[in-house]
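Let's walk through this model together, one part at a time. Keep the 3D view open as you read.

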Amino acid sequence: MTEVSVVKEDVAATGDLVVLKNVNKHFGALHVLQDIDLTIARGEVVVVIGPSGSGKSTLCRTINRLETIDGGTITIDGRPLPQEGKELARLRADVGMVFQSFNLFAHKTVLENVMLGQLKVRKADRKQAQEKARALLDRVGVGTQADKYPAQLSGGQQQRVAIARALAMDPKVMLFDEPTSALDPEMINEVLEVMQQLARDGMTMIVVTHEMGFARSAANRVVFMADGRIVEQATPDQFFSNPASDRAKDFLSKILHH
Amino acid sequence: MPSTYATHPEAREIVFDFLQGYDVLGAFWTTVKLTVFSAVGSLVWGTLLAAMRVSPVPLMRGFGTAYVNIVRNIPLTVIVIFTSLGLADIFGVTLGASDFKVQGFRLAVLGLTAYTAAFVCEALRSGINTVPVGQAEAARAIGLNFSQTLRLIVLPQAFRAVIGPLANVLIALTKNTTVAAAISVAEAAALMKTMIENEAQTVAVGAVFAFGFVVLTLPTGLFLGWLAKRLAVKR
(Lines give C-alpha, C1' and ligand atoms only; values in the text may rest on other atoms or scores of the structure.)
Protein backbone atom coordinates (compact mmCIF):
# COMPACT_ATOMS: atom_id res chain seq x y z
CA MET A 1 0.00 0.00 0.00
CA THR A 2 1.23 3.45 -0.80
CA GLU A 3 1.28 6.24 1.72
CA VAL A 4 -1.82 7.78 0.15
CA SER A 5 -3.91 4.74 0.87
CA VAL A 6 -7.11 5.60 2.63
CA VAL A 7 -7.40 2.17 4.16
CA LYS A 8 -7.93 2.82 7.81
CA GLU A 9 -6.35 0.57 10.36
CA ASP A 10 -9.52 0.87 12.39
CA VAL A 11 -11.85 -0.18 9.62
CA ALA A 12 -12.86 -3.14 11.67
CA ALA A 13 -13.34 -1.02 14.75
CA THR A 14 -16.96 -0.18 15.25
CA GLY A 15 -18.26 3.11 16.51
CA ASP A 16 -20.43 5.86 15.21
CA LEU A 17 -18.58 8.42 13.13
CA VAL A 18 -21.36 10.79 12.14
CA VAL A 19 -24.43 11.20 14.33
CA LEU A 20 -27.36 13.50 13.54
CA LYS A 21 -29.95 13.89 16.26
CA ASN A 22 -33.27 15.59 15.79
CA VAL A 23 -31.87 17.94 13.13
CA ASN A 24 -34.22 20.62 11.84
CA LYS A 25 -33.73 23.31 9.23
CA HIS A 26 -35.92 25.88 7.55
CA PHE A 27 -35.42 27.91 4.39
CA GLY A 28 -37.86 30.68 5.21
CA ALA A 29 -41.25 29.02 5.48
CA LEU A 30 -39.97 25.78 3.95
CA HIS A 31 -39.16 23.10 6.52
CA VAL A 32 -36.36 21.36 4.55
CA LEU A 33 -35.08 19.04 7.27
CA GLN A 34 -37.58 17.65 9.73
CA ASP A 35 -36.45 15.76 12.83
CA ILE A 36 -33.61 13.98 11.06
CA ASP A 37 -32.00 11.16 13.06
CA LEU A 38 -29.17 9.43 11.26
CA THR A 39 -26.14 7.50 12.44
CA ILE A 40 -23.27 6.52 10.19
CA ALA A 41 -20.78 3.97 11.42
CA ARG A 42 -17.09 4.01 10.67
CA GLY A 43 -16.40 2.42 7.29
CA GLU A 44 -20.04 2.47 6.30
CA VAL A 45 -21.24 3.59 2.86
CA VAL A 46 -24.63 5.26 3.07
CA VAL A 47 -26.47 6.31 -0.07
CA VAL A 48 -29.15 8.95 0.29
CA ILE A 49 -31.79 8.94 -2.41
CA GLY A 50 -35.11 10.63 -2.90
CA PRO A 51 -37.02 12.98 -5.17
CA SER A 52 -35.80 16.51 -5.94
CA GLY A 53 -36.40 18.95 -3.13
CA SER A 54 -36.54 16.20 -0.53
CA GLY A 55 -33.67 17.79 1.42
CA LYS A 56 -30.96 15.24 0.67
CA SER A 57 -28.39 17.76 -0.60
CA THR A 58 -29.13 20.06 2.32
CA LEU A 59 -28.66 17.14 4.69
CA CYS A 60 -25.29 16.40 3.11
CA ARG A 61 -24.21 20.03 3.40
CA THR A 62 -25.19 20.36 7.06
CA ILE A 63 -22.66 17.69 7.98
CA ASN A 64 -19.70 20.03 7.34
CA ARG A 65 -21.78 23.07 8.18
CA LEU A 66 -21.92 24.56 4.70
CA GLU A 67 -25.54 24.84 5.79
CA THR A 68 -26.32 25.77 9.37
CA ILE A 69 -29.08 24.00 11.24
CA ASP A 70 -31.89 25.51 13.31
CA GLY A 71 -32.21 22.71 15.83
CA GLY A 72 -30.75 19.39 16.88
CA THR A 73 -27.14 18.23 17.08
CA ILE A 74 -24.55 16.85 14.71
CA THR A 75 -21.47 15.12 16.06
CA ILE A 76 -18.51 13.86 14.10
CA ASP A 77 -16.20 11.33 15.70
CA GLY A 78 -17.78 12.09 19.06
CA ARG A 79 -17.34 15.86 18.86
CA PRO A 80 -20.20 18.25 18.25
CA LEU A 81 -19.97 20.39 15.12
CA PRO A 82 -18.25 23.66 16.13
CA GLN A 83 -19.53 27.13 15.38
CA GLU A 84 -17.69 29.30 12.85
CA GLY A 85 -13.97 29.79 13.39
CA LYS A 86 -10.78 27.78 13.71
CA GLU A 87 -12.46 24.73 15.18
CA LEU A 88 -14.89 24.53 12.30
CA ALA A 89 -12.10 24.88 9.72
CA ARG A 90 -10.23 22.03 11.44
CA LEU A 91 -13.31 19.85 11.36
CA ARG A 92 -13.97 20.57 7.70
CA ALA A 93 -10.44 19.45 6.88
CA ASP A 94 -11.40 16.03 8.27
CA VAL A 95 -14.59 15.85 6.23
CA GLY A 96 -14.02 15.50 2.50
CA MET A 97 -16.63 17.01 0.23
CA VAL A 98 -17.30 16.43 -3.45
CA PHE A 99 -19.74 18.79 -5.15
CA GLN A 100 -22.13 18.36 -8.05
CA SER A 101 -20.38 21.16 -9.96
CA PHE A 102 -16.83 19.98 -9.09
CA ASN A 103 -15.78 23.46 -7.86
CA LEU A 104 -12.11 22.99 -8.68
CA PHE A 105 -10.15 26.19 -8.08
CA ALA A 106 -10.30 27.67 -11.57
CA HIS A 107 -7.09 29.73 -11.34
CA LYS A 108 -4.92 26.86 -10.15
CA THR A 109 -3.59 23.81 -11.96
CA VAL A 110 -4.89 20.36 -11.19
CA LEU A 111 -1.77 19.61 -9.16
CA GLU A 112 -2.06 22.87 -7.21
CA ASN A 113 -5.70 22.09 -6.49
CA VAL A 114 -4.71 18.85 -4.79
CA MET A 115 -1.72 20.40 -3.00
CA LEU A 116 -3.38 23.52 -1.61
CA GLY A 117 -5.15 22.01 1.39
CA GLN A 118 -2.10 19.98 2.37
CA LEU A 119 0.11 23.08 2.29
CA LYS A 120 -2.20 25.64 3.86
CA VAL A 121 -4.26 23.55 6.26
CA ARG A 122 -2.08 20.55 7.09
CA LYS A 123 1.12 22.64 6.77
CA ALA A 124 2.76 19.81 4.86
CA ASP A 125 6.17 20.05 3.28
CA ARG A 126 5.90 21.15 -0.37
CA LYS A 127 7.79 18.17 -1.76
CA GLN A 128 5.75 15.65 0.19
CA ALA A 129 2.51 17.41 -0.71
CA GLN A 130 3.45 17.22 -4.37
CA GLU A 131 4.32 13.53 -4.18
CA LYS A 132 1.07 12.76 -2.43
CA ALA A 133 -0.91 14.85 -4.91
CA ARG A 134 0.67 13.05 -7.87
CA ALA A 135 0.03 9.66 -6.31
CA LEU A 136 -3.62 10.54 -5.67
CA LEU A 137 -4.06 11.87 -9.21
CA ASP A 138 -2.60 8.62 -10.55
CA ARG A 139 -4.95 6.70 -8.36
CA VAL A 140 -8.03 8.43 -9.77
CA GLY A 141 -6.60 8.08 -13.27
CA VAL A 142 -5.77 11.70 -14.14
CA GLY A 143 -2.06 11.72 -13.36
CA THR A 144 -1.20 12.89 -16.87
CA GLN A 145 -3.38 16.00 -16.51
CA ALA A 146 -1.56 17.34 -13.43
CA ASP A 147 -0.28 20.53 -15.03
CA LYS A 148 -3.48 21.51 -16.84
CA TYR A 149 -6.12 23.92 -15.61
CA PRO A 150 -9.55 22.59 -14.61
CA ALA A 151 -11.28 24.18 -17.63
CA GLN A 152 -9.08 22.06 -19.93
CA LEU A 153 -10.43 18.81 -18.45
CA SER A 154 -13.65 16.93 -19.13
CA GLY A 155 -16.32 16.88 -16.45
CA GLY A 156 -15.49 13.33 -15.45
CA GLN A 157 -11.81 14.18 -15.11
CA GLN A 158 -12.62 17.30 -13.10
CA GLN A 159 -14.77 15.35 -10.71
CA ARG A 160 -12.02 12.76 -10.22
CA VAL A 161 -9.58 15.58 -9.45
CA ALA A 162 -12.11 16.91 -6.95
CA ILE A 163 -12.16 13.50 -5.27
CA ALA A 164 -8.34 13.49 -5.16
CA ARG A 165 -8.40 17.01 -3.66
CA ALA A 166 -10.70 15.80 -0.89
CA LEU A 167 -8.66 12.63 -0.29
CA ALA A 168 -5.46 14.68 0.05
CA MET A 169 -6.71 15.85 3.45
CA ASP A 170 -6.95 12.24 4.73
CA PRO A 171 -10.59 12.73 5.64
CA LYS A 172 -12.41 10.61 8.19
CA VAL A 173 -15.55 10.70 6.10
CA MET A 174 -16.36 11.71 2.53
CA LEU A 175 -19.53 13.53 1.52
CA PHE A 176 -20.66 13.29 -2.10
CA ASP A 177 -23.36 15.75 -3.10
CA GLU A 178 -24.78 14.39 -6.37
CA PRO A 179 -21.28 13.84 -7.79
CA THR A 180 -22.43 12.56 -11.19
CA SER A 181 -25.49 14.73 -11.78
CA ALA A 182 -23.63 17.34 -13.86
CA LEU A 183 -21.80 14.79 -16.00
CA ASP A 184 -22.38 13.56 -19.53
CA PRO A 185 -23.62 9.94 -19.43
CA GLU A 186 -20.39 8.45 -20.77
CA MET A 187 -18.39 10.08 -17.98
CA ILE A 188 -20.51 8.90 -15.10
CA ASN A 189 -18.91 5.47 -14.88
CA GLU A 190 -15.34 6.72 -14.58
CA VAL A 191 -16.36 8.68 -11.48
CA LEU A 192 -18.47 5.89 -10.04
CA GLU A 193 -15.58 3.45 -10.45
CA VAL A 194 -13.34 5.68 -8.34
CA MET A 195 -16.07 5.87 -5.72
CA GLN A 196 -16.57 2.09 -5.79
CA GLN A 197 -12.86 1.63 -5.18
CA LEU A 198 -12.98 4.07 -2.27
CA ALA A 199 -15.88 2.17 -0.77
CA ARG A 200 -13.97 -1.11 -1.12
CA ASP A 201 -10.98 0.49 0.59
CA GLY A 202 -13.14 1.12 3.62
CA MET A 203 -13.76 4.85 3.40
CA THR A 204 -16.78 6.10 5.31
CA MET A 205 -19.01 7.67 2.68
CA ILE A 206 -22.27 9.55 2.55
CA VAL A 207 -23.43 9.73 -1.05
CA VAL A 208 -26.37 11.72 -2.32
CA THR A 209 -27.07 10.35 -5.77
CA HIS A 210 -29.56 9.31 -8.38
CA GLU A 211 -27.35 6.41 -9.48
CA MET A 212 -29.32 3.38 -8.34
CA GLY A 213 -26.71 1.03 -9.74
CA PHE A 214 -24.11 2.52 -7.43
CA ALA A 215 -26.52 2.29 -4.51
CA ARG A 216 -27.09 -1.39 -5.20
CA SER A 217 -23.48 -2.35 -5.62
CA ALA A 218 -21.57 -0.14 -3.17
CA ALA A 219 -23.93 0.90 -0.39
CA ASN A 220 -24.22 -0.75 2.98
CA ARG A 221 -27.44 1.12 3.56
CA VAL A 222 -29.90 3.18 1.56
CA VAL A 223 -31.58 6.15 3.20
CA PHE A 224 -34.72 7.29 1.41
CA MET A 225 -35.79 10.89 1.96
CA ALA A 226 -38.94 12.71 0.94
CA ASP A 227 -40.29 16.12 1.94
CA GLY A 228 -37.51 16.79 4.44
CA ARG A 229 -37.92 13.52 6.33
CA ILE A 230 -36.12 10.21 6.35
CA VAL A 231 -38.92 7.92 5.24
CA GLU A 232 -37.09 4.64 5.16
CA GLN A 233 -33.67 3.07 5.75
CA ALA A 234 -32.72 -0.41 4.60
CA THR A 235 -30.04 -2.48 2.94
CA PRO A 236 -29.97 -1.94 -0.83
CA ASP A 237 -31.36 -5.41 -1.51
CA GLN A 238 -34.24 -4.93 0.83
CA PHE A 239 -34.95 -1.39 -0.30
CA PHE A 240 -34.97 -2.03 -4.02
CA SER A 241 -36.75 -5.37 -3.98
CA ASN A 242 -39.17 -4.78 -1.16
CA PRO A 243 -39.54 -1.14 -0.08
CA ALA A 244 -41.60 -0.72 3.08
CA SER A 245 -43.20 2.68 2.53
CA ASP A 246 -45.69 3.70 -0.14
CA ARG A 247 -43.63 6.83 -0.81
CA ALA A 248 -40.57 4.72 -1.65
CA LYS A 249 -42.62 2.30 -3.77
CA ASP A 250 -44.01 5.24 -5.71
CA PHE A 251 -40.53 6.75 -6.18
CA LEU A 252 -38.98 3.48 -7.30
CA SER A 253 -41.82 2.71 -9.69
CA LYS A 254 -41.15 5.98 -11.43
CA ILE A 255 -37.42 5.48 -11.91
CA LEU A 256 -36.88 1.75 -12.23
CA HIS A 257 -39.37 0.31 -14.69
CA HIS A 258 -37.89 1.30 -18.03
CA MET B 1 10.46 65.44 -48.15
CA PRO B 2 13.04 66.76 -45.71
CA SER B 3 11.55 68.14 -42.54
CA THR B 4 11.64 71.85 -41.81
CA TYR B 5 13.63 71.16 -38.64
CA ALA B 6 16.33 69.30 -40.62
CA THR B 7 16.81 72.07 -43.14
CA HIS B 8 16.31 74.89 -40.62
CA PRO B 9 17.48 73.71 -37.16
CA GLU B 10 16.58 77.07 -35.66
CA ALA B 11 12.89 76.44 -36.47
CA ARG B 12 12.62 73.99 -33.59
CA GLU B 13 13.83 76.63 -31.18
CA ILE B 14 11.35 79.16 -32.47
CA VAL B 15 8.34 76.80 -32.37
CA PHE B 16 9.06 75.39 -28.93
CA ASP B 17 10.74 78.40 -27.32
CA PHE B 18 7.82 78.79 -24.88
CA LEU B 19 9.07 75.61 -23.17
CA GLN B 20 12.41 77.14 -22.35
CA GLY B 21 13.14 77.69 -18.69
CA TYR B 22 10.42 75.28 -17.52
CA ASP B 23 11.08 71.79 -16.13
CA VAL B 24 8.20 70.06 -17.92
CA LEU B 25 9.71 66.61 -17.57
CA GLY B 26 10.34 67.22 -13.87
CA ALA B 27 6.69 68.21 -13.38
CA PHE B 28 5.47 65.09 -15.15
CA TRP B 29 7.88 63.02 -13.07
CA THR B 30 6.09 64.35 -9.98
CA THR B 31 2.78 63.36 -11.61
CA VAL B 32 4.13 59.86 -12.19
CA LYS B 33 5.30 59.60 -8.58
CA LEU B 34 1.94 60.81 -7.25
CA THR B 35 0.21 58.25 -9.46
CA VAL B 36 2.42 55.32 -8.50
CA PHE B 37 2.36 55.94 -4.75
CA SER B 38 -1.38 56.58 -4.73
CA ALA B 39 -2.05 53.56 -6.95
CA VAL B 40 -0.15 51.22 -4.65
CA GLY B 41 -1.73 52.79 -1.57
CA SER B 42 -5.27 52.64 -2.92
CA LEU B 43 -4.82 49.08 -4.17
CA VAL B 44 -3.85 47.95 -0.67
CA TRP B 45 -6.44 50.04 1.18
CA GLY B 46 -9.13 49.31 -1.43
CA THR B 47 -8.50 45.55 -1.11
CA LEU B 48 -8.80 45.78 2.67
CA LEU B 49 -12.04 47.73 2.30
CA ALA B 50 -13.41 45.11 -0.11
CA ALA B 51 -12.44 42.36 2.35
CA MET B 52 -14.31 44.26 5.07
CA ARG B 53 -17.37 44.62 2.86
CA VAL B 54 -17.63 40.86 2.30
CA SER B 55 -16.54 39.82 5.80
CA PRO B 56 -18.87 37.97 8.15
CA VAL B 57 -18.33 40.61 10.87
CA PRO B 58 -21.20 43.16 10.78
CA LEU B 59 -19.07 45.95 12.28
CA MET B 60 -16.46 45.64 9.51
CA ARG B 61 -19.12 45.42 6.82
CA GLY B 62 -20.71 48.54 8.23
CA PHE B 63 -17.43 50.44 8.30
CA GLY B 64 -16.55 49.42 4.73
CA THR B 65 -19.95 50.42 3.41
CA ALA B 66 -19.97 53.74 5.26
CA TYR B 67 -16.42 54.59 4.15
CA VAL B 68 -17.09 53.91 0.48
CA ASN B 69 -20.38 55.77 0.41
CA ILE B 70 -19.01 58.82 2.18
CA VAL B 71 -15.63 59.11 0.49
CA ARG B 72 -16.66 58.48 -3.12
CA ASN B 73 -19.35 61.14 -2.85
CA ILE B 74 -17.04 63.92 -1.70
CA PRO B 75 -15.25 65.86 -4.46
CA LEU B 76 -11.57 64.97 -4.63
CA THR B 77 -10.63 68.66 -4.42
CA VAL B 78 -12.38 68.91 -1.06
CA ILE B 79 -10.56 65.82 0.22
CA VAL B 80 -7.13 66.97 -0.97
CA ILE B 81 -7.59 70.49 0.40
CA PHE B 82 -8.80 68.98 3.68
CA THR B 83 -5.57 66.99 4.01
CA SER B 84 -3.66 70.28 3.86
CA LEU B 85 -5.91 72.77 5.64
CA GLY B 86 -7.49 70.24 8.00
CA LEU B 87 -5.05 67.43 8.74
CA ALA B 88 -1.83 69.43 8.44
CA ASP B 89 -2.76 72.93 9.57
CA ILE B 90 -5.30 72.16 12.28
CA PHE B 91 -4.41 68.66 13.51
CA GLY B 92 -0.68 68.98 12.86
CA VAL B 93 -0.39 65.83 10.72
CA THR B 94 2.85 66.25 8.78
CA LEU B 95 3.43 62.60 7.79
CA GLY B 96 7.03 62.84 8.92
CA ALA B 97 7.92 65.53 6.41
CA SER B 98 10.36 68.26 7.39
CA ASP B 99 9.76 70.73 4.57
CA PHE B 100 6.60 72.06 3.03
CA LYS B 101 7.18 70.53 -0.41
CA VAL B 102 7.56 66.97 0.85
CA GLN B 103 4.63 67.44 3.21
CA GLY B 104 2.37 68.61 0.39
CA PHE B 105 3.37 65.64 -1.75
CA ARG B 106 2.68 63.15 1.03
CA LEU B 107 -0.64 64.74 1.94
CA ALA B 108 -1.67 64.64 -1.71
CA VAL B 109 -0.81 60.93 -1.89
CA LEU B 110 -2.85 60.39 1.29
CA GLY B 111 -5.86 62.23 -0.13
CA LEU B 112 -5.65 60.51 -3.51
CA THR B 113 -5.26 57.11 -1.84
CA ALA B 114 -8.22 57.64 0.50
CA TYR B 115 -10.40 58.71 -2.44
CA THR B 116 -9.27 56.17 -5.06
CA ALA B 117 -9.47 53.26 -2.61
CA ALA B 118 -13.25 53.64 -2.53
CA PHE B 119 -13.37 53.03 -6.28
CA VAL B 120 -10.86 50.17 -6.13
CA CYS B 121 -13.00 48.59 -3.41
CA GLU B 122 -16.15 48.75 -5.51
CA ALA B 123 -14.43 47.43 -8.64
CA LEU B 124 -13.01 44.57 -6.62
CA ARG B 125 -16.32 43.82 -4.95
CA SER B 126 -17.97 43.44 -8.32
CA GLY B 127 -15.09 41.09 -9.20
CA ILE B 128 -15.76 39.06 -6.06
CA ASN B 129 -19.35 38.69 -7.24
CA THR B 130 -18.15 37.09 -10.48
CA VAL B 131 -16.46 34.26 -8.56
CA PRO B 132 -18.93 31.36 -8.27
CA VAL B 133 -20.07 30.62 -4.71
CA GLY B 134 -18.87 27.03 -5.19
CA GLN B 135 -15.25 28.24 -5.24
CA ALA B 136 -15.51 29.60 -1.71
CA GLU B 137 -17.51 26.57 -0.56
CA ALA B 138 -14.85 24.20 -1.89
CA ALA B 139 -12.17 26.26 -0.15
CA ARG B 140 -14.01 26.13 3.16
CA ALA B 141 -14.70 22.43 2.67
CA ILE B 142 -10.98 21.60 2.63
CA GLY B 143 -10.54 23.54 5.87
CA LEU B 144 -9.35 26.98 4.74
CA ASN B 145 -10.49 29.76 7.07
CA PHE B 146 -12.17 32.99 5.95
CA SER B 147 -9.00 34.96 5.32
CA GLN B 148 -7.28 32.08 3.49
CA THR B 149 -10.36 31.53 1.34
CA LEU B 150 -10.36 35.22 0.45
CA ARG B 151 -6.60 35.52 -0.12
CA LEU B 152 -5.94 32.24 -1.93
CA ILE B 153 -9.14 31.55 -3.83
CA VAL B 154 -11.58 34.43 -4.13
CA LEU B 155 -9.42 37.56 -4.47
CA PRO B 156 -6.97 36.14 -7.06
CA GLN B 157 -9.92 35.29 -9.30
CA ALA B 158 -11.70 38.56 -8.51
CA PHE B 159 -8.61 40.62 -9.42
CA ARG B 160 -8.28 38.89 -12.77
CA ALA B 161 -11.91 39.62 -13.51
CA VAL B 162 -11.57 43.36 -12.82
CA ILE B 163 -8.24 44.29 -14.41
CA GLY B 164 -10.23 46.23 -17.03
CA PRO B 165 -12.25 48.27 -14.51
CA LEU B 166 -9.10 48.78 -12.39
CA ALA B 167 -7.35 50.16 -15.49
CA ASN B 168 -10.14 52.75 -15.67
CA VAL B 169 -9.57 53.62 -12.04
CA LEU B 170 -5.82 53.96 -12.65
CA ILE B 171 -6.32 56.23 -15.66
CA ALA B 172 -8.75 58.35 -13.65
CA LEU B 173 -6.22 58.48 -10.82
CA THR B 174 -3.44 59.61 -13.17
CA LYS B 175 -5.57 62.53 -14.28
CA ASN B 176 -6.88 63.17 -10.76
CA THR B 177 -3.32 63.82 -9.56
CA THR B 178 -3.74 67.28 -11.13
CA VAL B 179 -5.88 68.15 -8.11
CA ALA B 180 -2.68 68.08 -6.03
CA ALA B 181 -1.92 71.46 -7.61
CA ALA B 182 -4.58 72.83 -5.23
CA ILE B 183 -2.20 72.27 -2.32
CA SER B 184 0.84 73.53 -4.25
CA VAL B 185 2.38 70.24 -5.30
CA ALA B 186 4.59 71.01 -8.29
CA GLU B 187 3.09 68.46 -10.66
CA ALA B 188 2.17 68.86 -14.32
CA ALA B 189 -1.06 70.85 -13.90
CA ALA B 190 0.58 73.32 -11.53
CA LEU B 191 3.33 73.99 -14.06
CA MET B 192 0.78 74.32 -16.86
CA LYS B 193 -1.04 77.00 -14.89
CA THR B 194 2.20 78.92 -14.38
CA MET B 195 3.12 78.64 -18.05
CA ILE B 196 -0.30 79.75 -19.26
CA GLU B 197 0.04 82.81 -17.06
CA ASN B 198 3.50 83.63 -18.42
CA GLU B 199 3.46 82.56 -22.05
CA ALA B 200 1.53 83.74 -25.08
CA GLN B 201 1.05 80.30 -26.69
CA THR B 202 -1.69 79.11 -24.31
CA VAL B 203 -3.15 76.60 -26.76
CA ALA B 204 0.28 75.12 -27.42
CA VAL B 205 0.95 74.87 -23.67
CA GLY B 206 -2.38 73.11 -23.18
CA ALA B 207 -1.62 70.75 -26.06
CA VAL B 208 1.78 69.83 -24.64
CA PHE B 209 0.27 68.89 -21.27
CA ALA B 210 -2.67 67.07 -22.82
CA PHE B 211 -0.19 65.10 -24.91
CA GLY B 212 1.89 64.35 -21.82
CA PHE B 213 -1.09 62.82 -20.02
CA VAL B 214 -2.05 60.75 -23.05
CA VAL B 215 1.52 59.45 -23.18
CA LEU B 216 1.13 58.35 -19.55
CA THR B 217 -2.34 56.85 -19.69
CA LEU B 218 -2.64 55.34 -23.16
CA PRO B 219 0.06 52.67 -22.71
CA THR B 220 -1.35 51.93 -19.22
CA GLY B 221 -4.76 51.23 -20.69
CA LEU B 222 -3.42 49.16 -23.58
CA PHE B 223 -1.09 47.12 -21.36
CA LEU B 224 -3.75 46.39 -18.75
CA GLY B 225 -6.26 45.48 -21.46
CA TRP B 226 -3.78 42.96 -22.83
CA LEU B 227 -3.08 41.68 -19.31
CA ALA B 228 -6.81 41.29 -18.59
CA LYS B 229 -7.18 39.02 -21.61
CA ARG B 230 -4.09 37.02 -20.75
CA LEU B 231 -5.00 36.43 -17.11
CA ALA B 232 -8.72 35.80 -17.60
CA VAL B 233 -9.81 32.76 -15.60
CA LYS B 234 -11.26 30.08 -17.88
CA ARG B 235 -14.33 28.39 -16.51
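Read along the sequence, what pattern does chain B follow? Chain B reads α-α-α-α-α-α-α-α-α-α-α, with 11 helices and 0 strands. Helices here are DSSP runs of H or I with at least four residues, strands are runs of E with at least two, and both are numbered from the N terminus.

Two notes on conventions before we go further. This is a predicted model, in which local features need pLDDT of at least 70 and side-chain atom pairs count only at pLDDT 80 or more, while totals for chains, interfaces and linings use all residues. Residues are numbered from 1 along each chain as its sequence is written, and chains are lettered from A and ligands numbered from 1 in the order in which they are written.

Back to chain B and its overall form. Its C-alpha trace spans about 75 × 55 × 25 Å along the principal axes. The radius of gyration of chain B is 22 Å, whereas a compact globule of 235 residues would have one near 18 Å; the radius is taken over C-alpha atoms, and the globule rule is 2.2 Å times the number of residues to the power 0.38. Of the 235 residues of chain B, 36% count as buried, meaning that 20 or more other C-beta atoms lie within 10 Å of the residue's own, with C-beta atoms placed from the backbone (12 or fewer is exposed, and in between is partly exposed).

Now turn to chain A and its open sheet, where 4 strands take the order S2-S1-S4-S5 with antiparallel pairing. Two strands pair if DSSP finds at least two bridges between them. S2 and strand S5 (79–80) of chain A are at the edges with a single partner strand each, so one side of each has no neighbour in the sheet. Strand S1 (residues 16–27) of chain A is joined to strand S2 (residues 30–41) of chain A by 8 bridges, and A:Asp16 has A:Ala41 as its bridge partner in S2(A). These two strands form a hairpin with 2 residues between them, and A:Gly28 in the turn has a positive phi of about 60°. S1(A) is also joined to strand S4 (residues 71–76) of chain A, by 5 antiparallel bridges; A:Leu20 has A:Ile74 as its bridge partner there.

Elsewhere in chain A, look at strand S7 (residues 173–177), where 5 of its 5 residues are buried. A:Val173, A:Leu175 and A:Asp177 lie on one side, and A:Met174 and A:Phe176 on the other. S7(A) pairs in the parallel sense with strand S6 (residues 95–98) of chain A over 4 bridges, and 5 bridges join S7(A) to strand S8 (residues 204–208) of chain A, also parallel. From S7(A) the chain crosses through helix H6 (residues 185–200) of chain A to S8(A) in a right-handed β-α-β crossover (with the strands pointing away from the viewer, the path from the first strand over the helix to the second runs clockwise).

A:Leu175 returns in the largest nonpolar core, where A:Leu175 is one of the residues that touch the most other members, along with A:Val47, A:Val48, A:Val114, A:Ile206 and B:Ala108. The largest share of this core of 135 residues, 16 residues, comes from helix H6 (residues 100–130) of chain B. A nonpolar core is a set of buried Ala, Val, Leu, Ile, Met, Phe, Trp, Tyr and Cys residues joined through C-beta atoms within 7 Å.
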